[in-house]
Amino acid sequence: MYNFVFENATKVYFGKGCVKEHLPAILAGYGDTVMLAYGGGSIKKSGVYDEIVSILRENGRNVVEFSGIMPNPTYAKVLEGAALARANGVSLILGAGGGSVMDCCKAVSLAAVSDEDVWEKFWMRGEPVDFAPLPLGVVVTASGTGSECNGGAVITNEALKIKSGRDYPQCNPRFALLDPTYTYSVPKGQMISGAFDTLSHIMETYFGEPNGDNVSDSISEALMESVVRNLRAAIKNPEDYDARANLMWCSTMAENRIIKLGKKPDFEYHAMEHQLGAYTDCNHGRGLAVLHPVYYRHIYKYGLPKFVRFAQKVWGIERGGMNDEELAAAGVEALAALIREIGLPTTLRELGVTDRSMFKTIADSCGISAGSYKRMTHEEILQIFEECF
Ligand code: NZQ
Ligand code: ZN
């Protein structure tokens, strides 16, 4: 294992009824004005909005609403939220939604306090955060990204066509409320996409050095197996509490930094998917599903022992007469079969990407990860996009 320092500043409240049970006491630690941030309105349909607003009002809070945060949140939306927070002297941002709401709120928490262009300073130049952002708490309504327990915020700059993530520990939500029943209303397509995103986060970490025995990889194997099993259960019965609870907690575990301890994650196909998203606004988990098998067919021979372990431990594939290369390939094909089984797209065309003439520009705009078993080139990324088409 590589050396590490670990801290996670987010306090997690997990389980059915946790918002009603804990939010009133949490509010006592913050000022009078709360900015309730949310997306396109799913929280109004599901009743989550009414539940939160009544708690805020009962506890004497002024509520400022910041709504309409879109999937793949834009920098323009961040600036809108920051202006609203400043104008109203907001003391706490409470984001209720999925990854897009949480990420946008993290960026707002910086932009509301900073006088500088936070996109340039933090997302482009990656400078350290040397001030306290506005406090943020989140209520998760769609699991998958794990954004609730890290400082990561993925923002799209539409003008520049760059979708970029930064993880600043100062942006960790102060608290995260995770009620699995809040995810019952997530449409099947988004549930599957979120669960695949979780699986992808775990795989991107697992398929990275070191490859010797380390507890992070062992936890990852248990998480991957749990995501696959519980996703199948939640597809069968969307109101299976245990399945939703396990998916929700696997999502957090994948991104609360624990499985990354002592590891050097890959995260190349996240970089590739983010740029596809910047150019096409495609759904994150669906984009990942298209890229994964093709990307792994390109790299598995360079990380053979780990891909063999993946086939055996995660997919339970027996060696039989297979050599290492065949066994490793069988693991990758088991993943591809899961993607087909649960109804995720397998081609960029299915994802709605029809213009292949832009692939070279998108490929050239992708960052190159140092963590991959095989260092990508922009030419190979272009080849992967073409194979995914
Ligand atoms: O906007 P509303 O109306 O709320 O609808 C949302 C949205 O349309 C809907 N939804 C959420 N909760 C629901 C619900 N619908 C019914 N019932 C509920 N309970 O789901 C749709 C998608 O929401 P979104 O937040 O966009 O999805 P997700 O959680 O997958 O987040 C995706 C974003 O997170 C970024 C992605 O790139 C993308 O921008 N990521 C963030 C990461 C992080 N911060 O650590 C890591 C990830 O790798 C990822 O890049
Ligand atoms: Zn992701």
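Visitor: How many aromatic pairs does the count come to?
Guide: This is a predicted model. Rings of Phe, Tyr and Trp pair if their centres lie within 6.5 Å. By this rule the count of aromatic pairs comes to 22.

Visitor: Are the rings of Phe307 and Phe310 stacked or edge-to-face?
Guide: A pair of aromatic rings is described by the distance of the centres and the angle of the planes. Planes over 60 degrees apart count as edge-to-face. The centres of Phe307 and Phe310 are 6.5 Å apart and their planes stand at 80 degrees, so the pair is edge-to-face.

Visitor: Which helix holds both Phe307 and Phe310?
Guide: The two residues are three apart, about one turn of the helix. Both Phe307 and Phe310 lie in residues 304–314, which is helix α12.

Visitor: Is Phe307 buried or exposed?
Guide: Buried means under 20% relative accessible area. Phe307 has a relative accessibility of 0%, so Phe307 counts as buried. Phe310 also has a relative accessible area of 0%. For Phe307, then, the class is buried.

Visitor: What is the angle between the planes of Phe310 and Trp315?
Guide: Phe310 and Trp315 form an aromatic pair, 6.0 Å centre to centre. Both residues are buried. Ring pairs link Phe310 and Trp315 into a cluster that includes Phe307, Tyr206 and Tyr373. The Phe310 and Trp315 pair is edge-to-face, and the angle between its planes is 85 degrees.

Visitor: Which side chain has an N or O atom 2.8 Å from an oxygen atom of ligand 1?
Guide: A polar contact is a pair of N or O atoms within 3.5 Å. A polar side-chain atom of His270 lies 2.8 Å from an oxygen atom of ligand 1. An N or O atom in another side chain is 2.8 Å from an oxygen atom of ligand 1, and that side chain belongs to Lys163.

Visitor: What percentage of the accessible area of ligand 1 does the protein cover?
Guide: On its own, ligand 1 has 960 Å² of accessible area. Of this area, the protein covers 88%.

Visitor: Which elements give two or more residues to the shell around ligand 1?
Guide: The ligand is surrounded by 29 residues, with Gly40, Ser42, Gly99, Ser100 and His201 the closest. By class, the shell has seven nonpolar, 19 polar and three charged residues. At least three residues come from each of domain 1 (11–183) and domain 2 (188–388). The elements that give two or more residues are α5 (99–111), β6 (152–157), α7 (188–206) and α10 (268–280).

Key. Residues numbered from 1 in each chain as written. Chains lettered and ligands numbered in written order. Predicted model: local features only at pLDDT ≥ 70, side-chain atom pairs only at ≥ 80, totals over all residues. Heavy atoms only, no water. Near = heavy atom within 4 Å. Polar contact = N/O pair within 3.5 Å; in protein donor to acceptor, adjacent residues only side chain to side chain. Areas by Shrake-Rupley, 256 points an atom, 1.4 Å probe, with all protein chains shown as cover. Helix = DSSP H or I, 4+ residues; strand = E, 2+ residues; numbered from the N terminus. Nonpolar A, V, L, I, M, F, W, Y, C, P; charged D, E, K, R; others polar. Domains from an automatic or database assignment. Phe/Tyr/Trp six-rings, centres within 6.5 Å; stacked < 30°, edge-to-face > 60°. Buried < 20%, exposed > 50% of the residue type's maximum accessible area, 1.4 Å probe, protein only.
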